[in-house]
Amino acid sequence: MATTTMSITQLVGLQRAEFAKAARLQRQILQIQCSIAALAAIGVFFEAPIISYGVAIVALGFAGVWALIGWRYRASRGQAERARRATLLMQGLDETISDGELRKLKLDFTVTTEQGRACEDDNYYAAQAAPGLPRLVEMLEETCFWSCHLLKGSARRSWFSFIALVGTGLLLFLLSVLVFDGDRLQTAARLFCVLLTFVVSTEVVGAALAYGDASQALSTILPRIEAVRASGNRTVDLLMTLSDYNSAVEGAPMFWPGLYEKERDRLNQLWSERIRWTT
């Protein structure tokens, strides 16, 4: 049986490409949610049965597409997280997984080799410790540091979007109270209810809450990582901390689109400063 080979750099590239695909699918899910909300708003203006039925059929079609993209998102996100866990362990411990596990991991990627190659980065992790538990601890601290900051930034943006949407809708509704009367005012109230239904959905308020919960969890994990290092890298403590980190990041939505690219230089500088302070 042939041996499956894959370098850490290749695995990192495929991992990053898979995360990028999952992020695109997450954006498409939000866009479809917006489309369904827009259809609901359109239905408010028309009482003719044929238009109502047409809107309902189109919305049903969008719901089917939403379910399909949601399934693809979960598959892509799950594979990306699985690759992240493998990369962390393989590079940290300087060991490889079995041929069977590596083959299964490679076959389950939903991105192409070319897409992975475009995302390869030899310096994705900045850990300098010797291979083994010390390097795994350092890599875990680095990825936890980045994830914590990016989740906090994602939470801020999500709450800002929520406040902006609700504020805009409320302002328009109050203006309509001053301008409209009778049926028009009733229509405005229905539109505001449609907007509220959308913004309190899983994709808006739910995402903001999930981002905040995950960032709070990671902020408590960072001191635990420091304690693991101070205790001489106890294996059980490290595995417990690693498991809690994985649970926190995998339970949160993908980072806000474009946030990583915007914050990369600043977080690299902050991480370098943190390393100087702790060494």
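My entries on its salt bridges follow.

**Entry 1: the starting point.** I worked from a predicted model. My count of salt bridges came to 13.

**Entry 2: Glu-81.** I found Glu-81 in helix α2, which covers residues 49-93. Is Glu-81 buried or exposed? Its relative accessible area is 5%, so I noted Glu-81 as buried, the cut-off being under 20%. Leaving aside neighbours within four places in sequence, I listed Phe-19, Val-249 and Glu-250 as the contacts of Glu-81. I also saw a polar contact of 2.9 Å between the side chains of Glu-81 and Arg-77.

**Entry 3: Arg-84 with Glu-81.** I looked up this salt bridge and found its closest N and O atoms 2.7 Å apart. The two residues are three apart in helix α2, so about one helical turn separates them. Arg-84 is buried too, at 6% relative accessible area.

**Entry 4: Arg-266 with Glu-263.** Here the closest N and O atoms are 2.6 Å apart. This pair sits in helix α9 (residues 259-278), again three residues apart and separated by about one helical turn. I have Glu-263 as buried at 16%, whereas Arg-266 is partly exposed at 40%.

**Entry 5: Asp-244 with Arg-224.** Which helices does this pair tie together? The side chains meet in a salt bridge of 2.9 Å, N to O. Asp-244 lies in helix α8 (residues 235-250) and Arg-224 in helix α7 (residues 202-230), so the bridge ties together parts 20 residues apart in sequence. I noted Asp-244 as partly exposed at 30%, and Arg-224 as partly exposed at 31%.

Conventions. Residues numbered from 1 in each chain as written. Predicted model: local features only at pLDDT ≥ 70, side-chain atom pairs only at ≥ 80, totals over all residues. Heavy atoms only, no water. Helix = DSSP H or I, 4+ residues; strand = E, 2+ residues; numbered from the N terminus. Buried < 20%, exposed > 50% of the residue type's maximum accessible area, 1.4 Å probe, protein only. Polar contact = N/O pair within 3.5 Å; in protein donor to acceptor, adjacent residues only side chain to side chain. Contact = heavy atoms within 4.5 Å. Salt bridge = Lys/Arg side-chain N within 4 Å of Asp/Glu carboxyl O.
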